[in-house]
Amino acid sequence: MHQRRVTLQGYNSNNYRKHPLLGLQHIVECASVKPGEKKYNLCTLCCLVIPNHMIIKHILSFDHISCYFKTWYPTTLISKKAFDNLILDFANQAVKLEAAENFSMKQVSLQPDEFKLVNFKSYPQALNSLESIAKSSLTISVKPGKKLEYHPVSTLSTEKVKCLLRCQNCSIDFNTIGQYLNHLVKVRHIEMMQKFNGEDVRGHRYGQRGRFHMELYTYVGDSLRSNQPPIGTALIVTCITSCSHADPLYLCFACNEAFPQSILRDHLDSRKHLINTQLYQNPWKLPFGWDGDLDDKVLRMTAWKDEEEHRRSRVFLKVFDVPYSKFLRLDPSDFQQVLDTLKHHCTDLIHKVPMWRMHTELQQNEKFPLLGE
C-alpha cells in the first residue's frame with residue numbers, strides 16, 4: 001500500500017475553488033495491478049464502497065460533505081437549506097486547513113488473485129480484507145477542529161445601474177424612454193422605417209406616434225430600485241409598432257420563446273428563464289450537478305455578475321419597430337414564426353444580442369466542463 005496525490009478522472013482542476021474536494025484522506029482507491037480491472041474506492045468517512053465512476057459525485061455530495069463537517073468540525077452547524085453559499089465558504093476554509101496537513105488519498109495495489117478475494121459489495125468486509133493485505137490501518141484518527149465561521153459573500157448593488165434603450169432600427173441609444181419615444185417621430189427613424197422597401201407598409205402612419213406601454217422598461221426600473229437584479233434582459237428584444245396602441249411582444253433568445261406583454265413578468269421571474277440565461281451566457285458558471293435542487297438566489301446573483309461584466313453598470317433594452325401591417329401578422333406565442341416573418345430584417349432585429357457562449361467557446365475547441373461535452 002502507498003499514498004499518493006491523485007487527479008480524479010473527470011474532475012476539472014479549474015473548478016477546484018468552486019467545488020473543493022473534501023475528505024480525500026478518507027478515500028482509499030483499490031486497484032488491481034492487472035490492466036483492465038475495475039477500480040473501487042472505500043470512503044472510510046461514510047463507510048461505503050464507491051465504484052470508481054461514482055467517486056467524484058460522492059465526494060461532492062451533500063451526505064459526504066455533511067459527514068465530513070460533523071466529524072472534523074462538529075460545532076459548525078450545517079443544514080441542507082444553507083448548502084450553496086454556506087457549504088462553499090466552509091469547504092474553502094477546510095481546504096486551506098487540510099493543505100497544511102498535506103492530506104491525500106491512499107491507494108492499495110492488489111494482485112489479481114487478491115483483488116478477486118475482496119468483497120466490494122460490503123464495506124466492512126472490503127475494509128477488513130484490504131487492511132489485512134496492506135498490514136496497516138486504512139482509517140485515520142480525527143482531531144475535531146474549531147468551529148468555522150461563515151463569511152458571507154457580499155451582494156451586488158443595483159443602485160448605480162442605469163436603464164437605457166436602444167433603437168434596433170437606427171442603432172441609437174437613449175438615456176430615457178422619453179428620448180426614445182421622441183426619436184420615433186424624427187426624420188432619421190422615419191427614413192429607416194421607409195426602408196421596408198418592396199414590403200407592405202400600409203397602415204404605418206410614419207411620423208405619428210401611437211400610445212403604448214413598454215412593460216419591460218417598468219419591470220427593469222422596479223427591479224433596480226428594489227435591488228433585485230433583472231436577469232437576461234440583454235437577450236430580449238421588444239417588438240413594437242410605433243404608430244399603434246398595440247401592446248409590444250417580446251422575443252427571448254435565451255429561452256427561444258415569443259410571448260405577449262401580459263406574461264412578461266411571469267417569464268422573467270421564472271426559474272426556466274433564469275437557468276436558460278445562465279446556460280446561454282456562461283454555462284461554465286453553473287455549479288457541478290446543476291440539474292438538481294439549485295438555490296435560485298445564488299443562480300440569480302451568478303447570472304447578474306456575468307451580465308454586469310459586459311454591461312458596465314448599464315442595462316440596455318433593445319426595441320425593434322415593426323410596420324403595423326407586418327406587426328399584425330406576428331404570432332406572439334410562436335418564436336420561430338416571428339423570426340421567419342422578420343427574416344429580411346434579422347440583422348437589425350438581433351443587433352447587439354450577445355452570442356451564445358457555448359457556440360463561441362466550442363469554436364476554440366473547448367469542452368463543457370465536467371460533462372465532457
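**Strands, cores and single residues**

Visitor: In which relative direction do strand 8 (residues 236-240) and strand 11 (residues 314-321) run, parallel or antiparallel?

Guide: Four bridges join strand 8 to strand 11. Two strands pair if DSSP finds at least two bridges between them; strands (E, at least two residues) and helices (H or I, at least four) are DSSP runs, numbered from the N terminus. The direction of strand 8 and strand 11 is parallel.

Visitor: Which atoms do the side-chain values use?

Guide: This is a predicted model, where local features need pLDDT of at least 70 and side-chain atom pairs count only at pLDDT 80 or more, while totals for chains, interfaces and linings use all residues.

Visitor: What is the average twist from one strand to the next in the open sheet of six strands?

Guide: This sheet has mixed pairing and the order 7-6-11-8-9-10. Strand 7 (172-174) and strand 10 (257-260) each pair on one side only, as edge strands. With axes as lines fitted to C-alpha atoms and angles between N-to-C directions running from 0 to 180 degrees, the twist averages 30°.

Visitor: Is Cys 239 buried or exposed?

Guide: In strand 11, Phe 320 is the bridge partner of Cys 239. Apart from residues up to four places away in sequence, Cys 239 touches (heavy atoms within 4.5 Å) Pro 248, Leu 249, Leu 251, Phe 320, Val 322, Phe 327, Leu 342 and Leu 349. Buried means under 20% relative accessible area, exposed over 50% and partly exposed in between, with a 1.4 Å probe and protein chains only. Because its relative accessible area is 0%, Cys 239 is buried.

Visitor: How many residues does the second, separate nonpolar core have?

Guide: A nonpolar core is a set of buried Ala, Val, Leu, Ile, Met, Phe, Trp, Tyr and Cys residues joined through side-chain atoms within 4.5 Å. The largest has 53 residues, and those touching the most other members include Tyr 180, Cys 239 and Leu 342. The second core, with Leu 60, Tyr 68, Phe 69 and Ala 91 among its members, has a residue count of 24.

Visitor: How many disulfides are there?

Guide: A disulfide requires a pair of cysteine sulfur atoms within 2.5 Å. By this rule the number of disulfides is zero.

Visitor: Which residue in strand 4 is the bridge partner of Asn 41?

Guide: Strand 3 (residues 40-43) runs antiparallel to strand 2 (residues 27-32), with four bridges between them, and Asn 41 stands opposite Glu 29. Strand 3 is also joined by four bridges to strand 4 (residues 48-51), again antiparallel. In strand 4, Asn 41 has as its partner Ile 50.

Visitor: Is Thr 44 buried or exposed?

Guide: Thr 44 is located in the loop between strand 3 and strand 4. Beyond its neighbours within four places in sequence, Thr 44 contacts His 26, Val 28, Tyr 123, Leu 127, Leu 138 and Thr 139. Since its relative accessibility is 11%, Thr 44 counts as buried.

Visitor: How far apart in space are Tyr 150 and Asp 89, C-alpha to C-alpha?

Guide: Tyr 150 lies in the loop between helix 5 (123-134) and strand 6 (162-167). Tyr 150 is partly exposed because its relative accessible area is 32%. In sequence, Tyr 150 and Asp 89 are 61 residues apart, but in space their C-alpha separation is 6.6 Å.

Definitions and conventions:
Residues numbered from 1 in each chain as written. Heavy atoms only, no water.
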